Amino acid sequence: MTTPDPRPTLAILISGRGSNMVAISKACLNGELDARVALVISNRPDAPGIQAARDMGIDTAVIDHKAFASREQFDNAMHERLAEVQPDWIVLAGFMRILTGDFVNRWQGRMLNIHPSLLPKYPGLDTHARAIAAGDLQAGASVHIVSPELDAGPVVAQVRVPIEPDDTPDSLAQRVLQEEHALYIKALQLCVGRKD
Ligand code: GRF
């Protein structure tokens, strides 16, 4: 008889590259994070991250938002797939769909997102271009609890990154992304628990 795995479970939602998902999954594998990735879902069939998850031996699902007539129907399909796994936490990592209030309320308090700005500054898109245009000296990233309002839930952890005089949105995004990986692992350690 096999002993059930007692670690808390994560379901990670992605839409693209999936570098945060890979960093979190590696941290689970090497014990830095006391959790197990039970499922990775992508809303885009061609997301490179979905293959990266498969390569790590993680269960994956593609739920293509284009196959649904409404946001509600897509969210219901996501909810049903997630309910099969019953994750302790849902981790949004570059998931580029706005979720309905109903969906968020069903998982309220158990869903985290990473956003590439120092929230409450710059919710929404083009965060790095907006920070540079505003003449900010610092950019960064925030991990927050997801609430029905976009990028507005309580912040769990933040990292600050200096903006250099010659930064472009792309160069800044690359530097912030490197910090995002460690930040997300730290935030998950706080929320989910850590093996000592
Ligand atoms: C990250 O910059 C994250 O903050 C934002 O989308 C990007 C996702 O990157 N929400 P990746 O797919 O994790 O590589």
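The points below cover the backbone, the nonpolar cores and the salt bridges of this predicted model.

1. Basis. The model is predicted: local features need pLDDT of at least 70, side-chain atom pairs count only at pLDDT 80 or more, and totals for chains, interfaces and linings use all residues. Residues are numbered from 1 along each chain as its sequence is written, and side-chain values use heavy atoms, with hydrogens and water left out.

2. Cis peptide bond. The bond from leucine 119 to proline 120 is cis, and its omega is near 15°. Proline 120 sits in the loop between strand E5 (111-115) and helix H5 (127-133). Helices (H or I, at least four residues) and strands (E, at least two) are DSSP runs, numbered from the N terminus.

3. Positive phi. Most residues other than glycine have a negative phi, and most peptide bonds are trans. Glutamine 86 has a positive phi, near 50°, and is placed in the loop between helix H3 (71-85) and strand E4 (89-92). Aspartate 126 also has a positive phi, near 55°, and belongs to the loop between E5 and H5. Aspartate 126 is exposed, at 60% relative accessible area. Buried here means under 20% relative accessible area, exposed over 50%, and partly exposed in between (1.4 Å probe, protein chains only).

4. Largest core. A nonpolar core is a set of buried Ala, Val, Leu, Ile, Met, Phe, Trp, Tyr and Cys residues joined through side-chain atoms within 4.5 Å. The largest one has 39 residues, of which Leu10, Ile12, Ile24, Val40, Tyr184 and Leu188 touch the most other members. Helix H6 (residues 169-192) supplies the largest share of this core, 8 residues.

5. Isoleucine 24 and the second core. Not counting residues up to four places away in sequence, isoleucine 24 touches Leu10, Ile12, Leu33, Val91, Tyr184, Ile185 and Leu188; contact means heavy atoms within 4.5 Å. A second, separate core has 19 residues, including Met78, Leu92, Phe103 and Val104.

6. The structure holds 5 salt bridges, each defined as a side-chain nitrogen of Lys or Arg within 4 Å of a carboxyl oxygen of Asp or Glu. In one of them aspartate 5 pairs with arginine 36, with the closest N and O atoms 3.7 Å apart. This pair links distant parts of the chain, 31 residues apart: aspartate 5 is in the segment before strand E1 (9-14), and arginine 36 is in strand E2 (residues 36-42). Aspartate 5 is partly exposed, at 35% relative accessible area, and arginine 36 is partly exposed at 32%.

7. Glutamate 84 forms a salt bridge with arginine 81, and the closest N and O atoms are 3.0 Å apart. Both residues lie in helix H3, 3 residues apart, about one turn of the helix. Glutamate 84 counts as exposed at 61% relative accessibility, whereas arginine 81 is partly exposed, with a relative accessible area of 24%.

8. Aspartate 167 forms a salt bridge with arginine 175, where the closest N and O atoms are 2.8 Å apart. Aspartate 167 is buried, with a relative accessible area of 10%, while arginine 175 is partly exposed at 30%.
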